[in-house]
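Please walk me through this structure.

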Amino acid sequence: MTETRAAVALLIRNAGTLDAEVLLGRRVQSPRDPWSGHVAFPGGKREPGDLDLLDTAVRELAEETGITMARTALCGKLPLAWAGRHSGPLVPVQPWLFFVDDAVPSRGDGELDELAWVPLSSLDDPSLRVSSPVPEHMGVRTSLGVLWGMTLSTLESLWFEPLVPGIRRLMLDFDGTFYDRHHSLFAEIDERISLYVAQRDRLSHEEGHEKRKHLYLTHGNTLHGLMHEGLQDPEHFLDFVFDMPDEVFPGPAPEIRAVFDRLSLPVDIFTNAQAAYVERTLRLMKLEGTVGTIHDLKSFGYDCKPHEAVYDMVASRHPEPTSEVLFVDDRPDNCATGLAKGYRSLLIRESMPDWSEALFRIDTLTDLPRFLLPRLGLG
């Protein structure tokens with residue numbers, strides 16, 4: 001017999017502020033529903049046409065609230081929960097997390113008779129704690145009714161504990177992480193690499209550009225590919241690529257410094273670039289002094305992410321186990337190797353790929369407090 005499984009969507013808006021809210025609904029009264037009248041997340045049981053439990057959550061969200069969320073908008077997967085301990089059959093429920101700027105719910109298929117954005121700060125208010133439908137358990141009074149059971153316990157875990165607990169060190173990628181890959185510096189680096197390849201191999205500009213892309217996709221970065229073809233002087237390549245005027249670099253980033261100061265964690269950089277270039281960029285971003293060790297290409301023998309050997313080298317250089325280090329990168333394949341090596345991983349800026357175990361997604365480094373501090377970044 002196939003086990004019944006279910007999924008719910010947690011939509012959080014205004015995360016990291018005092019106005020953080022979660023979208024909840026009240027289930028319609030029905031004698032066939034063991035959770036009749038309960039305050040709940042949008043969600044339901046998996047149906048045969050669902051690809052997976054994420055598909056279930058997205059489908060149910062659209063049906064019950066009228067809100068359409070793309071799979072790629074996912075911010076991450078929360079721990080499995082269990083519904084029905086006190087009011088029905090025991091069902092495993094997978095919660096999926098979405099941060100939204102704004103989403104307007106509407107009446108959907110009738111399974112929820114009312115929807116509301118409920119302030120998460122209500123979990124901190126002792127005056128709102130009341131008896132739940134199960135007398136020995138407490139609930140929280142909301143505009144929809146008493147919030148209790150699996151829904152309340154899931155929200156309490158989300159609100160009172162960091163999403164990524166137990167972190168003692170940050171291990172951050174650089175390009176595409178400290179600054180957006182749409183910044184002109186990113187394009188300028190690509191152009192310099194293409195120019196080097198074209199001049200070295202006596203190719204046209206377009207041919208050099210195409211070969212650069214091929215080497216990058218095949219070997220993880222262009223330098224590693226060139227060395228595979230016999231390049232003897234990697235420093236000559238790096239000096240050429242990063243010989244750029246100050247004007248193309250990002251400007252001051254006080255918001256990143258403020259995040260590092262607030263988190264008070266050691267910060268290292270793990271990059272496929274050159275340490276001297278990283279140091280120069282940090283100086284121009286006014287972030288000097290915020291970073292400890294720069295693990296660059298030269299420090300791991302010009303090998304590169306996502307090759308496993310370089311992760312092993314970096315892991316041997318910090319005292320914490322990888323499970324206590326948060327790895328942040330803008331490439332899913334780099335994050336995947338980090339996860340395989342035991343790092344807690346966040347993907348930055350990219351749309352979420354097909355769901356991956358214990359992987360969250362952030363938009364910028366300024367989102368880090370949402371994941372590393374209680375109350376979604378309020379501390």
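Start with charge. This predicted model holds 31 salt bridges. One of them joins the side chains of glutamate 21 and arginine 13, with N and O 2.6 Å apart. Are these two residues buried or exposed? Glutamate 21 has a relative accessible area of 16%, so it is buried. Arginine 13 is buried too, at 18% relative accessibility.

Move on to arginine 59. Its partner in a salt bridge is glutamate 47, and the closest N and O atoms are 3.6 Å apart. Arginine 59 counts as buried, at 16% relative accessibility. Glutamate 47 counts as partly exposed, at 40%. Both residues also belong to a network of salt bridges that links Glu47, Asp50, Arg59, Glu60 and Glu63.

Another salt bridge connects lysine 211 with glutamate 229, where the closest N and O atoms are 3.0 Å apart. This pair links distant parts of the chain, 18 residues apart. Lysine 211 is in helix H4 (residues 205-219). Glutamate 229 is in the loop between helix H5 (222-228) and helix H6 (234-241). Lysine 211 counts as partly exposed, with 22% relative accessibility. Glutamate 229 also counts as partly exposed, with 41%.

Now look at the rings. The structure holds 16 aromatic pairs. Take phenylalanine 174 and tyrosine 277. Their ring centres are 5.9 Å apart and their planes stand at 90°, so the pair is edge-to-face. This pair spans 103 residues of sequence. Phenylalanine 174 is in the loop between strand S12 (169-172) and helix H3 (184-201), while tyrosine 277 is in helix H8 (residues 275-284). Both phenylalanine 174 and tyrosine 277 are buried.

Phenylalanine 242 lies in the loop between H6 and helix H7 (254-263), so its pairing with tyrosine 277 in helix H8 ties together parts that are 35 residues apart in sequence. Phenylalanine 242 is buried, like tyrosine 277. These rings are part of one aromatic cluster: Phe174, Phe178, Tyr179, Phe186, Phe242, Phe249, Phe260 and Tyr277.

Charges meet rings too. Arginine 192 lies over the face of phenylalanine 240, at 4.2 Å from the ring centre. Arginine 370 lies over the face of phenylalanine 99, at 4.8 Å from the ring centre.

Return to H8, the helix of tyrosine 277. Which of its residues are buried? They are Ala275, Tyr277, Val278, Arg280, Thr281 and Leu282. The elements that cover these buried residues include H3, strand S13 (267-270) and strand S14 (294-295). After H8 comes lysine 286, whose phi is positive, near 60°.

Next, find strand S1, residues 6-13. Eight of its eight residues are buried, so S1 is largely enclosed by the rest of the structure. In a regular strand, side chains alternate between the two faces of the sheet. In S1, both faces are covered. Ala6, Val8, Leu10 and Ile12 are buried on one side. Ala7, Ala9, Leu11 and Arg13 are buried on the other.

Which strands pair with S1? S4 pairs with S1 in the antiparallel sense, over three bridges. In that pairing, alanine 6 stands opposite lysine 45. Strand S7 (residues 91-100) pairs with S1 in the parallel sense, over eight bridges. There, the bridge partner of alanine 6 is valine 93. Strand S2 (residues 21-27) pairs with S1 in the antiparallel sense, over two bridges. Isoleucine 12 has valine 22 as its bridge partner in S2.

Finish with the cysteines. A disulfide is a covalent bond between the sulfur atoms of two cysteines. To count as one, the sulfur atoms must be within 2.5 Å. The count here comes to zero disulfides. Cysteine 335 is in no disulfide either, as its nearest cysteine sulfur, that of cysteine 75, is 14 Å away. Cysteine 304 is buried, with a relative accessible area of 0%. Cysteine 335 also counts as buried, at 0%.

Terms used:
Residues are numbered from 1 along each chain as its sequence is written. This is a predicted model: local features need pLDDT of at least 70, side-chain atom pairs count only at pLDDT 80 or more; totals for chains, interfaces and linings use all residues. Side-chain values use heavy atoms; hydrogens and water are left out. Buried means under 20% relative accessible area, exposed over 50%, partly exposed in between (1.4 Å probe, protein chains only). A salt bridge is a side-chain nitrogen of Lys or Arg within 4 Å of a carboxyl oxygen of Asp or Glu. Helices (H or I, at least four residues) and strands (E, at least two) are DSSP runs, numbered from the N terminus. Rings of Phe, Tyr and Trp (its six-membered ring) pair if their centres lie within 6.5 Å; planes under 30 degrees apart count as stacked, over 60 as edge-to-face and the rest as tilted. A charge sits over a ring if NZ of Lys or CZ of Arg is within 6 Å of the ring centre and within 35 degrees of the ring normal. Contact means heavy atoms within 4.5 Å. Two strands pair if DSSP finds at least two bridges between them.
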